[in-house]
Amino acid sequence: MTAGTALIPLLETRAISKTFGRVTALRDATFSAYAGEVSAIVGDNGAGKSTFIKILSGALTPDGGELFLDGKPVRFTSPQDARDRGIETVYQDLALAPALDVASNLFLGREARMRGVWGRLGFLDDRLMRERARQEMRDLQVGLSSVGQPVFTLSGGQRQAIAVARATAWGKRIVIMDEPTAALGVRESGMVLELIKRITRSGIAVVMISHSMPEVFEVADRITILRLGRSVRQMRRAETSMTEVVAFMTGASVGHVAEIER
């Protein structure tokens, strides 16, 4: 029995709604993610995935519905609020600084200062940051020649790995990934998917937004389907098929009303 079989989801939403003027982006969006599992969110263009991920990460505040962390109601007022609760997000643009090295990117915005008077004067502890960066790379089995090399010298897959490593270094509970293999080749996509699998083995919950059904079915434990802003189905990956998921995404499945399976 895995950590993901716990009765209480690590992260859960119930009937989340969000409107922008006259446009309803989300309505009755229900979702749950469990520790040690990959929970995929899929949907066609305009299904509300981007809005939903921004609510989960604290970038947007919902107009209605409830959000729970460890079974307790919670309200995120900012991305920092979510990060303070152990939730990190890796967006498609990765938010890396190409001219800086790997270690500097891992600590971007969270730089470690030296102890004592030097730290009070603003001097950074480069040695500590590089050692911790090397440890994170070892833990995630990311192959790099040096954590001191500039990010612009890395491949697309390596850059994605750095962004994921930064998220897991600080988000010890939940990591949200928005299209983690977008614009990557087959080999590099495979590397990122293996990285996702390793993350869940440490007990971290991964929320993955993806348009690639083969990749979703390779790594996901649960799949939540959004259609026109509603969660029309949530099911275990082992109990469904790509054909069925696509049918719910497009509305081809009969009776695609909100039907949440736990």
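Is Trp-170 buried, partly exposed or exposed? Here is a short tour that comes back to this residue in its third point.

1. Ground rules. This is a predicted model, where local features need pLDDT of at least 70 and side-chain atom pairs count only at pLDDT 80 or more, while totals for chains, interfaces and linings use all residues. Residues are numbered from 1 along each chain as its sequence is written, and side-chain values use heavy atoms, with hydrogens and water left out.

2. Searching the whole structure turns up 2 aromatic pairs (ring centres of Phe, Tyr or the six-membered ring of Trp within 6.5 Å; planes under 30 degrees apart are stacked, over 60 edge-to-face, the rest tilted).

3. The Phe-107 and Trp-170 pair. These rings are also edge-to-face, 5.6 Å centre to centre and 85 degrees between the planes. Phe-107 lies in the loop between α3 and α4 (116–120) and Trp-170 in helix α6, so the pair ties together parts 63 residues apart in sequence. Phe-107 is buried at 2% relative accessibility. As for the opening question, Trp-170 counts as partly exposed because its relative accessibility is 23%.

4. The cores. The largest nonpolar core holds 48 residues, and those with the most contacts inside it are Val-42, Ile-196, Val-216, Ile-223, Ile-225 and Val-245. Helix α6 gives the most to this core, with 6 residues. A second, separate core of 25 residues includes Leu-26, Ala-47, Val-74 and Ile-87. Such a core is a set of buried Ala, Val, Leu, Ile, Met, Phe, Trp, Tyr and Cys residues joined through side-chain atoms within 4.5 Å.

5. Met-213. This residue belongs to helix α8 (residues 213–219) and is buried, at 9% relative accessibility. Not counting residues up to four places away in sequence, Met-213 touches Val-42, Met-242, Val-245, Val-246 and Met-249 (contact means heavy atoms within 4.5 Å).

6. Helix α5. Met-129, Ala-133, Glu-136 and Met-137 are buried in α5. Viewed down the axis, the buried residues of α5 fall within an arc of 100 degrees, so they line one face of the helix; the arc is that of the directions from the helix axis to the C-beta atoms.

Key. Buried means under 20% relative accessible area, exposed over 50%, partly exposed in between (1.4 Å probe, protein chains only). Helices (H or I, at least four residues) and strands (E, at least two) are DSSP runs, numbered from the N terminus.
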